[in-house]
Amino acid sequence: LYFNPASFPLLRLSKTDPAKPLPLEWQKLARDAFDHHSNKVIELEFSRRFFSITFSPVIEHNYVNIYAFDITERKLAENYLLDHNNILGGLVAGKPFQEILDELTRKVEKYSDKLLSSILILDRSKTFLHYGSAPSLPAEYVKQTSKVYLGPKAGSCGTAAFQKRLIVAEDISLDPLWEEYKEIPLAYGLRAC
């Protein structure tokens, strides 16, 4: 019957047209709340945003109010903690090391927009890094960069391991640390590291 302006972002995310009836799932929840004379609360995700939606019947006037609250930050924190606990549980349970590394990289990607994650491990010789996990990086890129030697101008990872500090390359094509190596990542659409 009525939508207030604050509801429009949720309606857009859920692909609901204010000029048309609510989606059938929402209609059923509203009917259930009305029939049982009690609030119904659900959590829904639309386009990586989480909402707590309350269906609150107003019996004496024969309608149901629907209230929504954006709970994305809380939900991401809960999911992050759950994922963290699952990884730790895998370590305690003796899950294979490779599975743990792959799970770590996938979880980093899950909580980062368009990020491809990898874990590099220092070789016993302490002269180069090799991939411990890179499940989302292009296989040919991983093959071409299977050994990353440590040095003062060895891309982001080789330089970080050499200097023992964080190195961020916002634009590989312009970063002097990538001068000798930039063609490889750029060929695979990798722009920052």
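In this predicted model, three strands make up an open sheet, ordered S4-S5-S6, with antiparallel pairing. Strand S4 (119-122) and strand S6 (148-149) are the edge strands. Each has a single partner strand, so one side of each lacks a neighbour in the sheet. Strand S5 (residues 128-133) pairs with S6 over two bridges, in the antiparallel sense. Leu129 lies opposite Val148 of S6.

Two helices are described against this sheet. Helix H4 (residues 97-110) packs on the sheet and touches S4 and S5. The direction of H4 makes about 85 degrees with that of S5. Helix H6 (residues 155-163) also packs on the sheet, with contacts to S4, S5 and S6. Here the angle between the direction of H6 and that of S5 is about 115 degrees.

The buried residues of H6 are Gly155, Ser156, Gly158, Thr159 and Ala160. Their cover includes S5 and S6, two of the strands that H6 touches. In an α-helix, residues three or four places apart point the same way, because there are 3.6 residues a turn. Just after H6, Lys164 adopts a positive phi of about 55 degrees.

A further feature lies on the surface. Leu1, Tyr2 and Tyr63 make a nonpolar surface patch of about 470 Å². Tyr2 belongs to the segment before helix H1 (8-13). Its relative accessibility is 66%. Tyr2 therefore counts as exposed, the cut-off being over 50%.

Note on methods. Residues numbered from 1 in each chain as written. Predicted model: local features only at pLDDT ≥ 70, side-chain atom pairs only at ≥ 80, totals over all residues. Heavy atoms only, no water. Pairing = 2+ DSSP bridges. Helix = DSSP H or I, 4+ residues; strand = E, 2+ residues; numbered from the N terminus. Contact = heavy atoms within 4.5 Å. Axes fitted to C-alpha atoms, helices over the stretch in contact; angles between N-to-C directions. Patch = residues over 30% accessible without salt bridge, like charges linked within 9 Å, V, L, I, M, F, W, Y side chains within 5 Å. Areas by Shrake-Rupley, 256 points an atom, 1.4 Å probe, with all protein chains shown as cover. Salt bridge = Lys/Arg side-chain N within 4 Å of Asp/Glu carboxyl O. Buried < 20%, exposed > 50% of the residue type's maximum accessible area, 1.4 Å probe, protein only.
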